[in-house]
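Dear colleague,

I am passing on the structure below for your own work, and after it you will find a summary of what came out of the analysis.

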Amino acid sequence: SPCVIRVIGVGGGGCNAVERMLEHRVPGVNYWCINTDAQALGRSRGMGIDTLNIGTLVTKGLGAGGDPDVGRQAAEESRDQIAAIVEGSDMVFV
């Protein structure tokens, strides 16, 4: 079976990097954007990138405001969803 590769952009900068990577899309690679800001994920979703809005109870989808503690809480809240994304992967780039 083929190797399962996922590229995951986290936050605004990480999602911007993934969006740029789509210009040279590599066949067989699954691209994801993970963010606390639901509105920012709309652009990625519109480009055909899989998305995950994390920490919806903590941030209400409005983002972490650059606060790493809020980002950590959001990731912890969405731990199971994040684990499901990487499950079965042979290689993950974050």
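In this predicted model, four strands form an open sheet with the order E3-E2-E1-E4, and the pairing is parallel. Strands E3 (50-53) and E4 (91-93) stand at the edges with a single partner strand each, so one side of each has no neighbour in the sheet. On average, and with direction ignored, neighbouring strands are turned by 25° against each other. Strand E1 (residues 5-10) pairs with E4 over 3 bridges in the parallel sense, and Val-7 stands opposite Phe-93 in E4.

Two helices can be described against this sheet. Helix H2 packs on it, touching strand E2 (29-35) as well as E3, and the direction of H2 makes about 175° with that of E3. Helix H5 (residues 79-86) lies across E1, E2, E3 and E4 and runs at about 145° to E1. At the start of H2 (residues 38-46), a side-chain oxygen of Asp-37 comes to within 3.1 Å of the backbone nitrogen of Gln-39, while Gly-48, which follows the helix, has a positive phi near 90°.

As for the chain as a whole, its 5 helices and 4 strands run β-α-β-α-β-α-α-α-β from the N terminus on. The radius of gyration is 13 Å, close to the 12 Å that the globule rule gives for 94 residues, so the chain is as compact as a globular protein of that length. Of the 94 residues, 34% count as buried, and the chain exposes about 5,800 Å², of which carbon and sulfur atoms supply 55%.

Best regards

How values were computed: Residues numbered from 1 in each chain as written. Predicted model: local features only at pLDDT ≥ 70, side-chain atom pairs only at ≥ 80, totals over all residues. Heavy atoms only, no water. Polar contact = N/O pair within 3.5 Å; in protein donor to acceptor, adjacent residues only side chain to side chain. Pairing = 2+ DSSP bridges. Axes fitted to C-alpha atoms, helices over the stretch in contact; angles between N-to-C directions. Contact = heavy atoms within 4.5 Å. Rg over C-alpha atoms; globule rule 2.2 N^0.38 Å. Buried < 20%, exposed > 50% of the residue type's maximum accessible area, 1.4 Å probe, protein only. Areas by Shrake-Rupley, 256 points an atom, 1.4 Å probe, with all protein chains shown as cover.
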